[in-house]
Structures are given as C-alpha cells and as structure tokens.
Amino acid sequence: TVNALNENVNEDNAPPHIVVGIVKLLNNMTKGTCFVVENDVELIPGETLVWSHDNVYDATKDSEEGGIILLTNYQLIFLSSDSVHCDYYIPLSNILQFTKVGQATEKYRLDIYTKDMRIIKLSFLKYQGSRKELAKKLKAYNSEIPINLFCFSFQSPYPQEANAWNFFKLEEEYARFGLPDQFWKFTSENKYYQLCKSYPSLLVIPADFDESKLAAVANF
C-alpha cells in the first residue's frame, strides 16, 4: 500500500509543501505513527491513509484550481495548491452520494453531494483512471454496514491497562455547573442505585430538602 501511494506522489506536478507532507506521512505510516504532517494533514488516532492522487482540480467555483486528493478510512481531503482556494475535509459518513460527470474537455468530473447541503466538484485528467479509482474506493469505504464505520477502527489514545472509569468524575462534572452551592447539596442516597437505576450514584437535591423523604419521592 505504501509503495502504491508513493507512486501517486509526483514531485514534478504537486506543490512542494504538499509533496513533503505526503512523503513524510508515508514514512510515518511505515513506522506506525499517524499524526501532524507538515501542517498539511492531521490524522486522528485510528485514521490511516488509503489512497492519494495529484493532478486533481477543484471545479466547485468558476475557476479551477489544482491540488491533491487524500482518502483515508475516515475522510476525503482535497488540498489546494493555491492558498486563496479552500481545502476540503469531508467525513465519509457525510457523503450522501457522488456522480460521475463526463465532459468533452480534457477532464472528467466527480460531483460529491454531502449531507450538509454542499456540492464538491472535482475534475480529473482523462485516461488516468483516477476518477474511477476514487469512486470505487469511496463506494467501498462509505459503507452503510455499521461494522465498516470509522468508529469501529478508532484507536483510543489511552493506555490499554488504564481504568476507564477514572476518566470521568461525577464531582468534577457537577463542579462545572457550580454545584454544590448554598441552594443545592449532594446526597449519596443513590450510591448503590437503589433509588433509581438510571440516575447517578451521587445526586444533587435542594439544600433544605429532607433526605429521608427521597425514597418516597423515588416511588412516586
């Protein structure tokens, strides 16, 4: 896979800063890392680069601008070679559909419709097969099958031996709301979830409320 991706990076055609970023990304992938890459691409834990191609053009606006396409198992990225134009970061789960558009010019187009009402138009040079390849991979990775969704391959940055229960502390969450205070107090009457199984073990009740009445309230 890495060799195939390297072949797609053409230093003669792609902008230098992008080439450096991609090459560094590929080198990092071989070492098992995938984070910040020359300020061009930042992959989150569990995200891996699947496919890349240069000589791609953003045809969304009136004037086309060249750039490079990166496809990961989480998102589709277009990096423009012109800082005036926008880069696109489209989560695969946000893609509603895509359509191949044939033209009588030297380019083919792929129109991508997103669930947030955007239409991204990408142009590809003819006879390179890049549009066909991207459409094929988008179809494979933009799956409706739950097990194929990115959330199932997401890798937690926390150590496997860590106790996940310690990452959430109810008292700290209450403190964010300024509790307890003069009007509200804590009670541990639901410590073992005997009052209500769907309520937290530590409850907040009015400061002047008689805790002995909680059981009656819970039965109401």
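Guide: Let us begin with F78, which at 2% relative accessibility counts as buried (buried is under 20% relative accessible area, exposed over 50%, partly exposed in between, with a 1.4 Å probe and protein chains only). The model is predicted, so local features need pLDDT of at least 70 and side-chain atom pairs pLDDT 80 or more, while totals for chains, interfaces and linings use all residues. Residues are numbered from 1 along each chain as its sequence is written, and side-chain values use heavy atoms, without hydrogens and water.

Visitor: How is a pair of aromatic rings described?

Guide: Such a pair is described by the distance of the centres and the angle of the planes. Rings of Phe, Tyr and Trp (its six-membered ring) pair if their centres lie within 6.5 Å; planes under 30 degrees apart are stacked, over 60 edge-to-face, the rest tilted. By this rule there are 3 aromatic pairs. Among them is the tilted pair of Y74 and F150, with 4.9 Å from centre to centre and 45 degrees between the planes.

Visitor: Which parts does the pair of Y74 and F150 tie together?

Guide: Y74 lies in the loop between β4 (65–72) and β5 (75–80), and F150 in the loop between α3 (130–141) and α4 (170–176), so parts 76 residues apart in sequence are tied together. Helices (H or I, at least four residues) and strands (E, at least two) are DSSP runs, numbered from the N terminus.

Visitor: Is F150 buried or exposed?

Guide: F150 is buried, its relative accessible area being 13%, whereas Y74 is partly exposed at 28%.
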